[in-house]
Amino acid sequence: MGEYHDPARESFFAPFMGSAQRLAGGNTLVTDSPSGRLFEVTPDGYLCWEYVVPYFGAYQESEVRGLFPSEPNAVFRAYRYTAEELPWLTAGASGAAR
């Protein structure tokens, strides 16, 4: 996958923050920071899942509040970790991590 274009191109823009992480299976985890949106896409652009942060709060710095007057749900960055990368977590009998 060379690039991804969201269907709502006009609202899919991050002037700062944001990230993309290529996952082992070839999918990409995208952090759309200003929108508080995390999602995963396949190499051909299929949206696997998405999560929008439901919590909003005002920026404390007056300079930043001047740029973003509404209360944002921004998230800086997200990462996907495999179970092997988190050895201190163990699976219980139900298969759920503790």
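The legends below describe several close-up views of one predicted protein model.

Residues are numbered from 1 along each chain as its sequence is written, and side-chain values use heavy atoms, with hydrogens and water left out. Because the model is predicted, local features need pLDDT of at least 70 and side-chain atom pairs count only at pLDDT 80 or more, while totals for chains, interfaces and linings use all residues.

**Figure 1. Overview of the strands and the helix.** The protein contains 1 helix and 4 strands, arranged along the sequence as β-β-β-β-α. Helices (H or I, at least four residues) and strands (E, at least two) are DSSP runs, numbered from the N terminus. Of the 98 residues, 27% are buried; buried means under 20% relative accessible area, exposed over 50%, and partly exposed in between (1.4 Å probe, protein chains only). The protein exposes about 7,000 Å², of which carbon and sulfur atoms supply 58%. Accessible areas come from the Shrake-Rupley method with a 1.4 Å probe, and for residues only the protein chains shown count as cover. Among contacts between residues at least 6 apart in sequence, 34% join residues at least 24 apart, where contact means heavy atoms within 4.5 Å.

Figure 2. Two strands pair if DSSP finds at least two bridges between them. Strand β1 (residues 19–22) is joined to β2 by 4 bridges, and the two run antiparallel. Alanine 20 has valine 30 in β2 as its bridge partner. The hairpin of β1 and β2 has 5 residues between the strands, and glycine 26 there takes a positive phi near 105°. On to the next pair: β2 and β3 are antiparallel and are joined by 5 bridges, with threonine 28 partnered by valine 41 in β3. Their hairpin has 4 residues between the strands, and glycine 36 takes a positive phi near 60°. Strand β2 (residues 28–32) is mostly covered, since 5 of its 5 residues are buried. Thr28, Val30 and Asp32 lie on one side and Leu29 and Thr31 on the other.

Figure 3. Strands β3 and β4 run antiparallel and are joined by 5 bridges; phenylalanine 39 has glutamate 50 in β4 as its bridge partner. The hairpin has 5 residues between the strands, and glycine 45 in the turn has a positive phi of about 90°. Proline 43 lies in the loop between β3 and β4 and is partly exposed, with a relative accessible area of 43%. The C-alpha atom of proline 43 is separated by 9.8 Å from that of arginine 22, 21 residues apart along the chain. Side chains of opposite charge can pair when their charged atoms come close. A salt bridge is a side-chain nitrogen of Lys or Arg within 4 Å of a carboxyl oxygen of Asp or Glu. Arginine 37 forms one with glutamate 50, the closest N and O atoms being 2.7 Å apart. Arginine 37 lies in strand β3 and glutamate 50 in strand β4, so the pair ties together parts that are 13 residues apart in sequence. Arginine 37 counts as buried because its relative accessibility is 12%, whereas glutamate 50, at 43%, counts as partly exposed.

**Figure 4. The surroundings of glutamate 40.** Glutamate 40 is found in strand β3 (residues 37–41) and counts as buried because its relative accessibility is 8%. The side chain of glutamate 40 makes polar contacts with the side chains of asparagine 27 (2.7 Å) and tryptophan 49 (2.7 Å). A polar contact is a pair of N or O atoms within 3.5 Å; within protein, one must be able to donate a hydrogen and the other to accept it, and residues adjacent in sequence count only if both atoms are side-chain atoms. Glutamate 40 also meets arginine 80 in a salt bridge (2.5 Å, N to O). The pair links distant parts of the chain, with glutamate 40 in strand β3 and arginine 80 in the segment after α1, 40 residues apart. Arginine 80, at 32% relative accessibility, counts as partly exposed.

**Figure 5. A nonpolar surface patch that includes tryptophan 49.** Trp49, Tyr51 and Tyr55 make a nonpolar surface patch of about 370 Å². Patches are made of residues with over 30% relative accessible area and no salt bridge: like charges are joined within 9 Å, nonpolar side chains (Val, Leu, Ile, Met, Phe, Trp, Tyr) within 5 Å. Tryptophan 49 lies in strand β4 (residues 47–52) and counts as partly exposed, at 33% relative accessibility.
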